[in-house]
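Morning, everyone. I'd like to talk about charged side chains today. Let me put the model up.

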Amino acid sequence: MKIYRLATLAALAIASPALAQTPPSAAVAQANNAAAAQSDHQTKMNANEQARYAEDRAAYLTALRSHNREAAMDAHIYDRQQRAYADAMYAWRVQVEDCRRGIRAACNAPTPDPANFW
């Protein structure tokens with residue numbers, strides 16, 4: 001095991017010049033320049049533009065929070081549906097076992113409905 005570790009360390013030492021940081025690609029440089037230009041633009045805004053910018057950000061955050069609440073509610077409903085289905089399946093299995101043991105009421109009872117477990 002020690003020989004394997006030494007061989008791995010030696011291979012990494014040899015390959016480390018190849019792992020040196022390469023200069024950013026043209027697309028990365030362009031994105032960095034665009035971000036810097038946007039930052040400069042934000043510092044050059046007048047009071048009205050800054051207020052409008054703040055309103056736009058606030059509206060975006062409000063919409064995002066609303067979406068997150070809706071997504072959380074959907075997840076909650078989905079979880080309840082899954083639990084209701086699982087509970088109905090459990091009740092059905094108990095009903096089948098009772099029927100197999102000869103309990104006629106269980107044999108004649110309707111199949112459990114997940115809506116009743118909601």
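Start with Arg-83. Its relative accessibility is 53%, which counts as exposed. The cut-offs: buried is under 20% relative accessible area, exposed is over 50%, and partly exposed lies in between, with a 1.4 Å probe and protein chains only.

A word on provenance. This is a predicted model, where local features need pLDDT of at least 70, side-chain atom pairs count only at pLDDT 80 or more, and totals for chains, interfaces and linings use all residues. Residues are numbered from 1 along each chain as its sequence is written, and side-chain values use heavy atoms, with hydrogens and water left out.

Back to Arg-83. What does its side chain meet in a salt bridge? Asp-79, at 3.0 Å, N to O. By salt bridge I mean a side-chain nitrogen of Lys or Arg within 4 Å of a carboxyl oxygen of Asp or Glu. In general, side chains of opposite charge can pair when their charged atoms come close. Asp-79 itself is partly exposed, at 30% relative accessible area. Both residues sit in helix α3, four residues apart, about one turn of the helix. Helices here are DSSP runs of H or I, at least four residues, numbered from the N terminus.

How many salt bridges does a search of the whole structure find? Four. Let me take two others.

Next, Arg-52 and Asp-56. They form a salt bridge, and the closest N and O atoms are 3.4 Å apart. Helix α3 covers residues 47–100, and this pair is four residues apart within it, so about one helical turn separates them. Arg-52 is exposed, at 52% relative accessible area. Asp-56 is partly exposed, at 42%.

Now Arg-100 and Glu-97. Their side chains meet in a salt bridge too, at 3.4 Å, N to O. Why about one helical turn between them? Because they are three residues apart in helix α3. Arg-100 is exposed, with a relative accessible area of 66%. Glu-97 is partly exposed, at 41%.

Where is Asp-113 found? In the segment after α4, the helix at 104–108. Asp-113 is partly exposed, at 37% relative accessibility. Look at Asp-113 and Ala-91 together. They are 22 residues apart in sequence. In space, the C-alpha to C-alpha separation is 9.5 Å.

That's my tour. Questions welcome.

Notes: Helices (H or I, at least four residues) and strands (E, at least two) are DSSP runs, numbered from the N terminus.
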